[in-house]
Protein chains: 2
Amino acid sequence: MTDQGFRRIAIIGIGLIGSSIARAAREKGAAAEIALFDRDAEVRARAAELGLGDVAGTAEAAVSGAELVILCVPVGAMREAAEAAIAAMAPGAILSDVGSVKGSVARDLAAAVGRADVHLIPGHPIAGTEKSGPDAGFPSLFEGRWFISTPDPAGGGAYLAAADRLEAFWRALGSKVERMDPQRHDLVLAVTSHVPHLIAYNIVATAYDMETVTEGEVVKFSAAGFRDFTRIASSDPTMWRDVFLNNREAVIEVLGRFTEDLIALQRAIRWGEGDTLFDLFTHARGIRRSIIEAGQDSPAPNWGRDGGKR
Amino acid sequence: MTDQGFRRIAIIGIGLIGSSIARAAREKGAAAEIALFDRDAEVRARAAELGLGDVAGTAEAAVSGAELVILCVPVGAMREAAEAAIAAMAPGAILSDVGSVKGSVARDLAAAVGRADVHLIPGHPIAGTEKSGPDAGFPSLFEGRWFISTPDPAGGGAYLAAADRLEAFWRALGSKVERMDPQRHDLVLAVTSHVPHLIAYNIVATAYDMETVTEGEVVKFSAAGFRDFTRIASSDPTMWRDVFLNNREAVIEVLGRFTEDLIALQRAIRWGEGDTLFDLFTHARGIRRSIIEAGQDSPAPNWGRDGGKR
């Protein structure tokens, strides 16, 4: 256990993120005891088999005595998960989450808490894979990735000390930490995550529905670009439904801009404006260099997925 | 040299694809002599340093005596490259290419050839990375990937024998081969390659232009999905400009369907139609499974680019 470590944490929801937190916290010594609960009995049984921690039979038993409770459930299930946990939480404990939307979750959790002696500090680790479930997690998932913390800036000294402690926990898991207000989080993530996922889902759906091209042809020739989109389009459908339903204003705003830009690009193609296309394509190269320099993506050609450059 | 191998091939244009063909042909013994030419003197010098083959000072010298000439230049430069090579080509030789568009290239090359004793057989290997230039190539690039061959079905016996020989060459490089007519190729590739690239370029441009979100924020939080799009959006701008200018009808048709579907999805978000979103997202998962089963993508989470599941 590190200096900033917790004596006991509780993880509610044992999917990719919840099980990765359990694995990372154990490997990094960020928590002495790790309690887990999932409302699905099969998932609880699997978590016990995997040795992820002390799997409890109820949410109350998991959170009892925990200094930190992290809700790792879809955004639309946060309120119910908080309501199931809140009465059993210790005074002074921290309630946090990992939801991909922060405005609606902050509101939902505040409504569920109704106690002044629990520190509600929503958060969001910018990490994941396209896989789901307790087997999908791994301890290095958060290394070098950002954790966005959205504490209430009006909170008092004990509250802000709790926020510092939560952030130290995520640093111990390998994350970098940034504080942000929930509305800004939701706009930034609409650009970097929510709209990209929606577009990926949409192009897969469009390809399916083209009656002039068969599914077999799409699969065969997917290495020409299409396959890149299918990775994020294979992410958990429940999680993503809830993201779009709960961040609809920001998503619709960014989508409007995307469509406007796409139609302008389509017009440039129709009228043969080669310079417009060339300049835009050249410009787009720069951002990838920045992402690689910032350590947020692999520089390997094709991400090294074909066995790399041999 | 395999049984189907060529005594001498010439590669015109020494970028990612041209240099990969040279490396693969040597490694697999698919050609005894490999001549190369690029109109850029620096690229020729680099190709010589890399030992890719016999680097010639002119296109004529490269193609002289070659049984197969492959044009590996951007689609918009094909006609000029063919015109520079055609007079020096041996009777009975094959002229092929690797362009991402086949309708316009077949027309351009036919116009340039003007000789009945050269077999024009356009083609397209469905393989690549986001990198460009002679250093970017590697010999395994075509392994397990499709080569689409678009011979003229009206060709006679010697012509069809030449097509068989070209296809055997690509099989020797590790490819699987499919014959298709140029128009069908262009429609299928609009779905699996051209429109995905355009969408990737567009979302990068939209993210840049959002005045409410900074470029630094986009880079920092790109691991949430956005970074997936930046890989193909860092591909060669000249190549892609030419693709869109030369396959505009199919691209505009597929883009129209994409936009229609996206607007319907946006409407489902606006009106909170969770079931519509959930069903579409669930459906989209299936195609990724098919692509992985077909050996056209890696099953590793995040393509293993973060060091994989540890």
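**Where the two chains meet**

Mentor: Let's begin with polar contacts: between chain B and chain A there are 46 residue pairs of this kind, both residues being at pLDDT 80 or more. Keep in mind that this is a predicted model.

Trainee: Which element gives the most to the side of chain B that touches chain A?

Mentor: Several elements of chain B give two or more residues to that side, among them β8 (146–149), α7 (182–209), α11 (248–270) and α12 (274–293). With 22 residues, the one that gives the most is α7(B).

Trainee: How many residues of that side of chain B are nonpolar?

Mentor: The side of chain B that touches chain A also has 31 polar and 30 charged residues. Chain B brings 119 residues to the contact, and chain A brings 118. On the chain B side, the nonpolar residues number 58.

Trainee: What area do chain B and chain A bury between them?

Mentor: The size of an interface is often given as the accessible area lost when the parts come together. Here 65% of the buried area is on carbon and sulfur atoms. The total for chain B and chain A is about 11100 Å².

Trainee: Which three residues supply more of the area that chain B buries against chain A than any other three?

Mentor: Together these three supply 7% of the area that chain B buries against chain A. They are Phe221(B), Phe281(B) and Ile287(B).

Trainee: How far apart are the closest N and O atoms of Glu178(A) and Lys220(B)?

Mentor: The structure holds 44 salt bridges over all chains, and 12 are found across the interface of chain B and chain A. Glu178(A) and Lys220(B) form a salt bridge, for which the cut-off is 4 Å. Their closest N and O atoms are apart by 2.5 Å.

Trainee: Why does the pair of Trp303(A) and Trp303(B) count as stacked?

Mentor: Over all chains there are 19 aromatic pairs. The ring centres of Trp303(A) and Trp303(B) are 3.9 Å apart. Planes under 30 degrees apart count as stacked, so this pair is stacked because its planes are at 5°.

Technical notes:
Residues are numbered from 1 along each chain as its sequence is written. Chains are lettered from A and ligands numbered from 1 in the order in which they are written. This is a predicted model: local features need pLDDT of at least 70, side-chain atom pairs count only at pLDDT 80 or more; totals for chains, interfaces and linings use all residues. Side-chain values use heavy atoms; hydrogens and water are left out. Contact means heavy atoms within 4.5 Å. Buried area is the accessible area (1.4 Å probe) that two parts lose on being put together, summed over both. A salt bridge is a side-chain nitrogen of Lys or Arg within 4 Å of a carboxyl oxygen of Asp or Glu. A polar contact is a pair of N or O atoms within 3.5 Å; within protein, one must be able to donate a hydrogen and the other to accept it, and residues adjacent in sequence count only if both atoms are side-chain atoms. Helices (H or I, at least four residues) and strands (E, at least two) are DSSP runs, numbered from the N terminus. Ala, Val, Leu, Ile, Met, Phe, Trp, Tyr, Cys and Pro count as nonpolar, Asp, Glu, Lys and Arg as charged, and the others, Gly among them, as polar. Rings of Phe, Tyr and Trp (its six-membered ring) pair if their centres lie within 6.5 Å; planes under 30 degrees apart count as stacked, over 60 as edge-to-face and the rest as tilted.
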